[in-house]
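Subject: Handing over a structure

Hi,

Have a look at it first, then read on.

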Amino acid sequence: MPCEFYIRDVRWSPGDRERDAASPLLKDVTLDVATGEFVGLIGPNGSGKTSLLRCGFRYAKPHAGQTTLDSTDIWSKPPRWSARHIAVLLQELPEDFGLTVEQVVKIGRTPHKRLLDADTHQDAAIVARALDDVGMRQASDRMFLTLSGGEKQRVLLARALAQQPDVLMLDEPTSFLDLQHQVELMRLIRQLRVTTLASIHDLNLAAAYCDRLHVIANGAIVASGTPETVLTADLLRRVFQVETIVDTHPVTLRPRITLIHPE
Ligand SMILES: Nc1ncnc2c1ncn2[C@@H]1O[C@H](COP(=O)(O)OP(=O)(O)OP(=O)(O)O)[C@@H](O)[C@H]1O
Ligand SMILES: [Mg+2]
């Protein structure tokens, strides 16, 4: 199903909303992800990326504003509706799984089934395909807990893919991955053409793979657009307080950011 994702004028603070009314953590954030687009959310530590993603997938309820999928407000629907449409990969890895890799990925099928529905051949095929996509099929029978950090992250991405979502929300999906798997994950997401919003710290990866970027600083969106328009040395200085050289990558023709290391 094609899916356009909107976060509109979202205001949110943790805890007591009255206390933070004057200066909320998320300050009237508006952003969009067009159907099939891969959009990156970039910004410094503590700028509000995870908080914004949480407001986007029906975990944290905004104090004001809306999150809509194809014009439907996600808070007007039951949690199961969101689970059927939006899959998330969080920054924190769950540690309490006494399950095999295959069983973890199978959890992704749950929103599409009724309570006592048996697993079908189709479910098994979707789970196997998702494990293939992330290169973890050979580990199907391993205990999830015994995997490395990067392997766990890939299995949790497989779980999100097995959900067959209309929207993928990923919080730093490449953070535990080696170079090969960073590139493969970004390529996979781009090829899937699922409407995707992902927070990404590696600006060169974001530049190379994302269709568009939203930049967040102090809980407010400060720039939105293609990597070429957004990633300038001036913006990086203002938002990240670093000096950089931004030129064009000779192969991808996307912006290439080189950090000027201070003495
Ligand atoms: N439930 C909470 N209670 C108190 N403070 C919170 C809560 N959630 C977020 N914060 C604070 O809000 C700010 C934004 O946090 P958030 O996790 O959204 O940042 P982020 O952009 O994802 O950062 P990072 O790049 O480090 O992951 C931080 O200063 C954080 O400490
Ligand atoms: Mg975060």
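To start with a question: how many of the residues of strand β8 are buried? Five of its five residues are, so to speak, on the covered side of the count: β8 (residues 195–199) is mostly covered. Buried here says that 20 or more other C-beta atoms lie within 10 Å of a residue's own (exposed is 12 or fewer, partly exposed is in between, and C-beta atoms are placed from the backbone). Strands (E, at least two residues) and helices (H or I, at least four) are DSSP runs, numbered from the N terminus.

Before going further, some housekeeping. This is a predicted model, where local features need pLDDT of at least 70 and side-chain atom pairs count only at pLDDT 80 or more, while totals for chains, interfaces and linings use all residues. Residues are numbered from 1 along each chain as its sequence is written, and chains are lettered from A and ligands numbered from 1 in the order in which they are written.

Back to β8. T195, L197 and S199 sit on one side, T196 and A198 on the other, and all are buried. In a regular strand the side chains alternate between the two faces of the sheet. Strand β7 (residues 167–171) runs parallel to β8 and is joined to it by five bridges, with V167 opposite T195. Strand β3 (residues 38–42) is parallel to β8 too, through four bridges, and there L41 stands opposite S199. Strands count as paired if DSSP finds at least two bridges between them.

There's also an open, antiparallel sheet of four strands, in the order β2-β1-β4-β5. Its edge strands, β2 (26–33) and β5 (72–73), each pair on one side only. Helix α1 (residues 49–56) packs on this sheet and touches β1, β2 and β4 (64–69).

Next, the core: the largest nonpolar one has 64 residues, and V105, A130, V155, A158 and M169 have the most contacts inside it. Such a core is a set of buried Ala, Val, Leu, Ile, Met, Phe, Trp, Tyr and Cys residues joined through C-beta atoms within 7 Å. Helix α5 (residues 149–162) gives the largest share, seven residues.

Finally, ligand 1: the residues around it include P14, L25, K49 and Q91, where near is a C-beta atom, placed from the backbone, within 6 Å.

Cheers

Definitions and conventions
Contact = placed C-beta atoms within 7 Å. Axes fitted to C-alpha atoms, helices over the stretch in contact; angles between N-to-C directions.
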